[in-house]
Each structure stands twice: as structure tokens, then as C-alpha cells.
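Student: I would like to go through this protein's charged pairs and its surface. Can we start with the terms?

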Amino acid sequence: DPIVIVGMACRYPGGVQTPEDLWRLVSDGTDAMGPFPDDRGWDVGETFDTEAYAAEGGFLYDAAEFDAGFFGISPREAVAMDP
């Protein structure tokens, strides 16, 4: 049977929010790493020795807008899992 794709969406580090953004990131060889977000409730200095580790990673910077309650996830669990 034939398969039909009726829509696509994505959200990845590096500001990728569309399939076209993802293709551009990959084809341009762009680095999607960035600094730790400051709106997640993480104490980066307490968790990591920032002199030994690069204080960056691949983050979705609008993840703090995630509606944890809609998915039945507690605020504490949402901070721990960083949806």
C-alpha cells in the first residue's frame, strides 16, 4: 500500500523548528550547541565543574514553555526530564 505523509514538524537544537531548518542545519554543517539555558531551574555551577566541562549542549531554548500539566507531568518531573 502507498504511504502518504500529510505533515511534518520538528524541534531540535540550533533553532530548528521546521524540516527546512533541519536540512539547512545539516547541509551547512552548523553547530547546534549552545550555552545552558537559564530558565530551567538548573544550578549549572553546582552540577558541573564548568572549568572541566564545556558549559554547553544541544538545548531547545523554548522548552520552558512546555505544558507539563497537559501531559500529566508534575513540575518537578518536568524540570528533571527537561522535555
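Tutor: Buried means under 20% relative accessible area, exposed over 50%, and partly exposed in between (1.4 Å probe, protein chains only). This is a predicted model: local features need pLDDT of at least 70, side-chain atom pairs count only at pLDDT 80 or more, and totals for chains, interfaces and linings use all residues. Residues are numbered from 1 along each chain as its sequence is written, and side-chain values use heavy atoms, with hydrogens and water left out.

Student: How many salt bridges are there?

Tutor: Side chains of opposite charge can pair when their charged atoms come close. A salt bridge needs a side-chain nitrogen of Lys or Arg within 4 Å of a carboxyl oxygen of Asp or Glu. By this rule the count is two.

Student: Which residue forms a salt bridge with Arg24?

Tutor: Helices are DSSP runs of H or I with at least four residues, strands are E runs of at least two, and both are numbered from the N terminus. Arg24 is partly exposed at 44%. The closest N and O atoms are 2.8 Å apart, and the partner is Asp21.

Student: Is Asp21 buried or partly exposed?

Tutor: The relative accessible area of Asp21 is 22%. Buried would need under 20%. So Asp21 is partly exposed.

Student: How many residues apart in sequence are Arg11 and Asp62?

Tutor: Their side chains meet in a salt bridge, 3.1 Å from N to O. Arg11 lies in the segment before helix H1 (19–28), and Asp62 in the loop between strand S2 (56–57) and helix H3 (75–81). So the pair ties together parts that are apart in sequence by 51 residues.
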